[in-house]
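Hello,

Here is the structure I promised to hand over. Please open it first, then read my notes below.

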Amino acid sequence: MNIIVVSHRLDKAISLGPRELGALSLAITVLIGAAAFGLGMLFAPNRVEPLLRLMPGQHARQNEIDALAVQVGELQAKLTRLDSLANRVGDKTGIDIQPFLSKNPAPQGGLAHDGQPFAVSGLRNLLQDTDAKMAAMIDQLTLAEAILIAPDASYLPRRSPLSIAPQSSSFGWRVDPFRGTQVFHEGIDYQGDTGTPIVAAATGKVVYAAYHPQYGNMVELDHGKDLTSRYAHASQLLVKSGDTVQAGQKVALLGSTGRSTGPHLHFEIRYRGVAQNPMRFIDAGQSNYAQATK
């Protein structure tokens, strides 16, 4: 079949044979395909984006971004808690806390230096460090609020359970002495001689006084206000479940029972069931131990 194209602007007719018609059809097909793809990119980006994300190397990076987004969300939640605590402390003290709220940016400055761009791993470490600092601030503000509500409250675990004694292990990550793996230590350990008296860090009710497979002979006190304390690895218990004890009262004798490598006291403070660093609660330099054990 031949097609003859005639136009008033042409001096002669143009005859299109099978070869010319095939080339024209191919060109039209390519143009239609390009137009369809362009329209798809323009009107349906939400369908194209997932395909681009699945390109080689993009999937793993998207997972890292998603993980960082989760960390940012957790930090935002903690900022909300910090602002709430700051407002309550400000109301009780009269301190103007507006400059310290997270919604108000802190002025910054300094000399201009050439810096290094952030890698994902570096940003993740920075977020984790910031998260730990914010958790510490929340604990400190919570304790400050409790003291402001009742400055002389005896339920706050502020007394040292032992006289001045060396710490053999602090709160936080450490190497497990039995398995050699990294584990989180939920209290602090005080080294001492077997039989050394252990006293209550605050007034409370004994909710546990028995042998525990991990803690050995252990006493747990409920101080109210969602605060509890634990005294573990004792050689002997001096109280029983249901007893009410006063701050500084003897509750046990130091020992090495349960999962222990030697005589020491494992001391924990928990707020709403979550282990806290006891050193944030115990008054620095305060020790009524000598009077309590006379």
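Start with the hairpin of β4 and β5. It has 6 residues between the strands, and glycine 180 takes a positive phi near 75 degrees there. Strands here are DSSP runs of E, at least two residues long, numbered from the N terminus.

A word on the source. This is a predicted model, so local features need pLDDT of at least 70 and side-chain atom pairs count only at pLDDT 80 or more, while totals for chains, interfaces and linings use all residues. Residues are numbered from 1 along each chain as its sequence is written, and side-chain values use heavy atoms, leaving out hydrogens and water.

β4 covers residues 172–175 and β5 covers residues 182–185. They run antiparallel, joined by 4 bridges. Glycine 172 stands opposite histidine 185 in β5. Two strands pair if DSSP finds at least two bridges between them.

Next, an open sheet. Its 3 strands come in the order β7-β13-β11, with antiparallel pairing. β7 (197–199) and β11 (236–237) each have a single partner strand, so one side of each is left without a neighbour in the sheet. Between β7 and β13 (residues 250–253) there are 3 bridges. Isoleucine 198 has alanine 252 of β13 as its bridge partner.

Last, threonine 228. It lies in strand β10, residues 227–234. Is threonine 228 buried or exposed? Threonine 228 is buried, because its relative accessible area is 16%. Buried means under 20% (1.4 Å probe, protein chains only). Beyond its neighbours within four places in sequence, threonine 228 contacts residues including Leu221, His223 and Ile269. Contact means heavy atoms within 4.5 Å.

Best wishes

Technical notes. Buried means under 20% relative accessible area, exposed over 50%, partly exposed in between (1.4 Å probe, protein chains only).
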